[in-house]
Amino acid sequence: MKRTLFLALLAIGLVFTPFGNAAGAQSVKKVIVDAGHGGSDTGATGNGLREKDLTLKIAQKVNKNLVNNYTVNTKMTRTSDVYISLKQRTNIANSWGADLFLSIHINAAGGSGYEDYIHNRNATSEDIKVQNEVNKEISKVLAEYGKNNRGKKKANFHVLRESKMASILLEILFIDNKSDAALLKNEKFLNDMSKAISTGVANALALPEKGNSATGTSNTNTSAKEKITVSKATGTYIVTADSLNVRTGDGTNYPTIGSLKKNAQVKVTGKTSKGWYQFSFKGKTGYVSGAYLKVKPAAAKPAPKPQNNQIKVSKASGTYIVTANSLNVRSGNSTKFSSLGSLKKNSQVTVTGKTSNNWYQFKFKGKTGYVSGAYLKAKPVAAKPAAKKPAPAAKNNQIKITKASGTYIVTANSLNVRSGNSTKFSSLGSLKKNSQVTVTGKTSNNWYQFKFKGKTGYVSGAYLKAKPVAAKPAAKKPAPAAKNNQIKITKASGTYIVTANSLNVRSGNSTKFSSLGSLKKNNQVTVTGKTSDNWYQFKFKGKTGYVSGAYLKAKPAQSAKAKSTKSIKVTKASGTYRVTASKLNVRSGNTASHSRIGSLARGNKVKVTGKTSNGWYRINLKGKVGFVSGQYLKR
């Protein structure tokens, strides 16, 4: 045991000591694990997450998986929240002589799912191999979690262009997508994704799996001469790794003669002192590490499982709802029993019994099935509300009504009409917003009684408002409303823009005056005067009209826009950038308040001609000088 621990620690020490063994350093592959962004560069943000935090967390998990499971040298571009420029990152990789540059990022700006990139012009066969292997392993995880694989892509990113070795950039889900963000907060998903990335890297670089004596070297002559002590062992084992190398001896220093896929079965003929199993492979004697094997369950045991008389089931009934995304139905009350099928989330199960370990029995496709109670919840009993007082609800003589009258307007989008004065009573129908109700009475708990489709109905007063009495405004001051000499007007001028969706034009300076018509949002008004209570006077369809200043804003002066490009200080800048937003507005100046002169789609390439002090870039668009925000551009 001590010897095994010593060798494991020695192997880990060699991974982090590039100069520890001259012979080993020549054969052990080097991988740069690059956590995107960091420090002052947060990257994308959304749903309470920051890209720089996620990339570091995933990079650390990938690095740990590689070091713990394979003979490989790794180096991280950053191990804490610090800023490192793109040039520094590629310089680290190039000066170290890495074999692979693995850059980890989180996507944003609309979308969902995963995608990866290699260089769009200088991609080598090694780049393509790495992309194929990594994408293949990650696809398995995406399928498990129901996420989209957006594909293998190419781009001219700095880390892909300036690195002198095979390189790949991963975009793991979208931080601004609620569903994607939920997974990025899920520790199991991050572990599964990190393992898939490291497995893909290992497959692409043919990294040796770590055995008890792994040192990061490969010497086939030495291994061939070693004497392998094999003790007697028999039985069938199942491969648990996604891909397991078969070797000529009991260590990763022996040459590979093939590989086995996950769930492949191996009939062993012996076991070595190092925990490797001997078996016959394609007419040769092969060895695989026992760390990636599990004993195949004996075939004799499944037979008794379907026999329900061996499972103690107590009496249970009722309907339950499935809470898991997918719930296996078993032939018995544990995961050791065979699967009869599965149920989707929110499926309903009518149970017939319950076992002592909280599994429920029910009928499934003509057979007796079992599901774990940990993934079920009792269905709410729908019959109870109706059963309480169906008869009393309809008997109005049991509801105390006080005298009330008048017309009321419905304020809710949809208001249920009940047979009594609470939600426990049955529904007779519903009323839409702004429907009018002529009430005949009122209850002590603020419900109103009225006639509804020939029946007596009730609605909650919380969703009603009294209809304004139409006769009063006309009777009060119909003539004075139109006489402008009775309204004190101060001098005012200028053009204003309507901010309300619909703004009534009145014959005087309050809502008590009659309506002359209405204006829509963004309509422009040239005012001729202003009242002391902030109403503006203007000409409307040949009459003098008034609108509330609370729903107007002054139109920006044209002169400010005309001189926008001349008064903007631009420093020298050049280069081609790629648009990262789904739609990027091009403005006549370097703020969002300047007028829009066009737009660019995501992925469009832009040649910049200058840069402003607030991070906007100057470009040429259709013969005009335009400006775009630098936060949506990427080299």
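Two strands are said to pair if DSSP finds at least two bridges between them, and helices (H or I, at least four residues) and strands (E, at least two) are themselves DSSP runs, numbered from the N terminus. With these terms in hand, the bridge partner of phenylalanine 362 is found in strand E23, where it is glycine 369. The structure is a predicted model, in which local features need pLDDT of at least 70 and side-chain atom pairs count only at pLDDT 80 or more, while totals for chains, interfaces and linings use all residues. Residues are numbered from 1 along each chain as its sequence is written, and side-chain values use heavy atoms, with hydrogens and water left out.

The overall picture comes first. The protein has 51 strands and 14 helices. Of its 635 residues, 43% are buried, where buried means under 20% relative accessible area, exposed means over 50%, and partly exposed lies in between (1.4 Å probe, protein chains only). The accessible surface comes to about 35,200 Å², and 51% of this belongs to carbon and sulfur atoms; such areas come from the Shrake-Rupley method with a 1.4 Å probe, and for residues only the protein chains shown count as cover. Among contacts (heavy atoms within 4.5 Å) with a separation of 6 or more, 65% are between residues 24 or more positions apart.

Strand E22 (residues 359–364) has 5 of its 6 residues buried. On one side, E22 is joined by 3 bridges to strand E21 (residues 348–355), and the two run antiparallel; here glutamine 361 in E22 is the bridge partner of glycine 353. The hairpin of E21 and E22 has 3 residues between the strands, and asparagine 358 takes a positive phi near 70° in it. E22 also pairs with strand E23 (residues 367–372), again in the antiparallel sense, over 6 bridges. In this second hairpin, 2 residues lie between the strands and lysine 365 has a positive phi near 50°.

Strand E31 (residues 447–452) and E32 run antiparallel and are joined by 6 bridges, with serine 460 in E32 as the bridge partner of tryptophan 447. The two strands form a hairpin with 2 residues between them, and lysine 453 in the turn has a positive phi of about 50°. Strand E32 (residues 455–460) is mostly covered, with 5 of its 6 residues buried.

Positive phi values can be found in other loops too. Asparagine 522, although not a glycine, has a positive phi of about 75°. This asparagine 522 sits in the loop between strand E37 (515–520) and strand E38 (524–526), and its relative accessible area of 52% makes it exposed. Lysine 541, also a residue other than glycine, has a positive phi near 55°. The loop between strand E40 (535–540) and strand E41 (543–548) holds lysine 541, which counts as exposed at 72% relative accessibility.

Next come the aromatic rings. Rings of Phe, Tyr and Trp (its six-membered ring) pair if their centres lie within 6.5 Å; planes under 30 degrees apart count as stacked, over 60 as edge-to-face and the rest as tilted. The whole structure contains 11 aromatic pairs. Phenylalanine 362 is buried at a relative accessible area of 5%, and phenylalanine 364 is buried at 8%.

Finally, there are the nonpolar cores, each a set of buried Ala, Val, Leu, Ile, Met, Phe, Trp, Tyr and Cys residues joined through side-chain atoms within 4.5 Å. The largest has 46 residues, and those touching the most other members are Leu66, Leu170, Ile172, Leu184, Phe189 and Ile197. Helix H8 (187–205) is among the elements that each supply at least two residues of this core, and H8 gives the most, with 9 residues. Another core of 14 residues lies apart from it, including Tyr237, Val268, Phe279 and Val288.
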